[in-house]
Amino acid sequence: MWGDSALDTDITIRELNSKKQILDGFPVMKQLRTHLDENTFVELVSEAKEKDMYRLFALYEQDRIAAVVGFKPMITLYYGRFVWVCDLVTDERMRSQGHGETLLSHVHDWAKQNGYESVALSSGLQRTDAHRFYESRMDYNKVSFVFKKPLN
């Protein structure tokens, strides 16, 4: 249903499924997930797709990946049935052109069409421009802090 979606003649959203497609998304994802190398990226995406219903989509502008989003449907007692956006990044050379908004709106549409009640995400404390985008442009509300404890 959401494998390919034509927005206009130059913009297309496609799901990245094959190893080659996933690798094609790596250069843009690397701008957000700087700690990953190609092999780890492919392994994590493949495992998350298999075990955690993770979906990876790319927004192409004239056959070039301009932005990627990774998300997974979830159910918790707090949020109910929702979609968690794990990763959202626009190529630094193509920012401020509406690609992030288009791709996140695509996630909203996917969630609605698949019976999910909301979309949630976390964003690093230092990413003030992203926070402004989520609140002002995309109408998200701040609802919690995210805490993390390394176990090694």
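Me: What radius of gyration does the chain have, against that of a compact globule with 152 residues?
Reply: This is a predicted model, and the comparison therefore concerns predicted coordinates. A compact globule of 152 residues would have a radius of gyration near 15 Å, and the chain agrees with that expectation, because its own value is 15 Å.

Me: What does the C-alpha trace span along its principal axes?
Reply: Of the 152 residues, 40% count as buried. Among contacts with a separation of 6 or more, residues 24 or more positions apart account for 57%. Along the principal axes, the C-alpha trace spans about 40 × 35 × 30 Å.

Me: Which pattern do the helices and strands follow along the sequence?
Reply: The chain contains four helices and six strands. Read along the sequence, these elements follow the pattern β-β-α-α-β-β-β-α-β-α.

Me: Is Lys72 buried or exposed?
Reply: Lys72 belongs to strand 4, which covers residues 64-76. Its relative accessible area is 18%, and because the cut-off for burial is under 20%, Lys72 counts as buried.

Me: With which side chain does the side chain of Lys72 make a polar contact?
Reply: Not counting residues up to four places away in sequence, Lys72 touches Asp52, Met53, Tyr54, Phe82, Val83, Trp84 and Cys86. The polar contact of the Lys72 side chain, at 2.5 Å, is with the side chain of Asp52.

Me: How many residues apart in sequence are the parts that Glu15 and Lys49 tie together?
Reply: The side chains of Glu15 and Lys49 meet in a salt bridge, with N to O at 3.6 Å. Glu15 lies in strand 2 (residues 11-15) and Lys49 in helix 2 (residues 38-52), so the pair ties together parts whose separation in sequence is 34 residues.

Me: Which residue is linked with Glu15 and Lys49 in a network of salt bridges?
Reply: Glu15 is buried, with a relative accessibility of 11%. The network of salt bridges links Glu15 and Lys49 with Arg55.

Me: What is the relative accessible area of Asp24?
Reply: Lys20 and Asp24 form a salt bridge in which the closest N and O atoms are 3.0 Å apart. Because they are four residues apart in helix 1 (residues 19-29), about one helical turn separates them. Lys20 is exposed at 57% relative accessible area, while Asp24 is partly exposed, with a value of 35%.

Me: Where does Asp87, the salt-bridge partner of Arg33, lie?
Reply: The closest N and O atoms of Arg33 and Asp87 are 2.8 Å apart. Arg33 is partly exposed at 24% relative accessible area, whereas Asp87 is buried at 10%. The pair ties together parts that are 54 residues apart in sequence, because Arg33 lies in the loop between helix 1 and helix 2 and Asp87 in strand 5 (residues 80-90).

Me: How many salt bridges does the count come to?
Reply: The pairs already discussed include Glu15 with Lys49 and Arg33 with Asp87. The count of salt bridges comes to eleven.

Me: What kind of pair do the rings of Phe57 and Phe71 form?
Reply: The structure holds nine aromatic pairs. For Phe57 and Phe71, the ring centres are 5.7 Å apart and the planes lie at 10°, and because planes under 30 degrees apart count as stacked, this pair is stacked.

Me: In which strand does Phe71, the partner of Phe57, lie?
Reply: Both residues are described as buried, Phe57 and Phe71. The pair ties together parts that are 14 residues apart in sequence, because Phe57 lies in strand 3 (residues 55-61) and Phe71 in strand 4.

Me: Which residues do ring pairs link into a cluster?
Reply: Phe71 and Trp110 form an edge-to-face pair, with 5.1 Å from centre to centre and 65° between the planes. That pair links strand 4 with helix 3 (residues 99-113) across 39 residues. Phe71 is buried at 0% relative accessible area, and Trp110 is buried at 6%. Ring pairs link into a cluster Phe57, Phe71, Trp110 and Tyr116.

Me: Over the face of which residue does Arg81 lie?
Reply: The charged end of Arg14 sits over the ring of Tyr60, 3.9 Å from the ring centre. Arg81, at 4.4 Å from the ring centre, lies over the face of Tyr116.

Notes
Residues numbered from 1 in each chain as written. Predicted model: local features only at pLDDT ≥ 70, side-chain atom pairs only at ≥ 80, totals over all residues. Heavy atoms only, no water. Helix = DSSP H or I, 4+ residues; strand = E, 2+ residues; numbered from the N terminus. Buried < 20%, exposed > 50% of the residue type's maximum accessible area, 1.4 Å probe, protein only. Polar contact = N/O pair within 3.5 Å; in protein donor to acceptor, adjacent residues only side chain to side chain. Contact = heavy atoms within 4.5 Å. Salt bridge = Lys/Arg side-chain N within 4 Å of Asp/Glu carboxyl O. Phe/Tyr/Trp six-rings, centres within 6.5 Å; stacked < 30°, edge-to-face > 60°. Lys NZ or Arg CZ within 6 Å of the ring centre and 35° of its normal. Rg over C-alpha atoms; globule rule 2.2 N^0.38 Å.
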